[in-house]
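Have the view open as you read along.

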Amino acid sequence: MKKVIRFTAAWCGPCKALKTVLDQIETNIPIEVVDIDEQPDLATEFGIRSVPTLVMMEDNVATKRLIGLKTIQEVEAFIHD
């Protein structure tokens, strides 16, 4: 099963902008939100060095990442390819 983990932080402007982009995309793939300040151990486990970062999970294995604020087309390609 696929899911996307969105690593974010309350103080991160690009993270808020990426949320707006994600809200415009229609997908059946669940998106789990992880605030790196509230769950630092999980951020460390995934090796998150900057936010926003999207991590695609397939059968509990990280298969790809998208780091930084991206266009709607880039995010759609990440989610659907």
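Asparagine 60 is exposed, because its relative accessible area is 68%, and exposed means over 50%, buried under 20% and partly exposed in between (1.4 Å probe, protein chains only). You will find asparagine 60 in the loop between strand 3 and strand 4. Its phi is positive, about 65°, although asparagine 60 is not a glycine.

Aspartate 59 is in the loop between strand 3 and strand 4 (61-67) as well. Its phi is near 55°, also positive in a residue other than glycine. Aspartate 59 counts as exposed because its relative accessible area is 59%.

## How to read the model

This is a predicted model, in which local features need pLDDT of at least 70 and side-chain atom pairs count only at pLDDT 80 or more, while totals for chains, interfaces and linings use all residues. Residues are numbered from 1 along each chain as its sequence is written, and side-chain values use heavy atoms, leaving out hydrogens and water.

Helices (H or I, at least four residues) and strands (E, at least two) are DSSP runs, numbered from the N terminus.

## Glutamate 58

Glutamate 58 belongs to strand 3 (residues 53-58). It is partly exposed because its relative accessibility is 31%. Beyond its neighbours within four places in sequence, glutamate 58 is in contact with Met1, Lys2 and Thr63; contact means heavy atoms within 4.5 Å.

## A cis peptide bond

Proline 52 sits in the loop between helix 2 (40-45) and strand 3. The peptide bond leading from valine 51 to proline 52 is cis, with omega near 0°.
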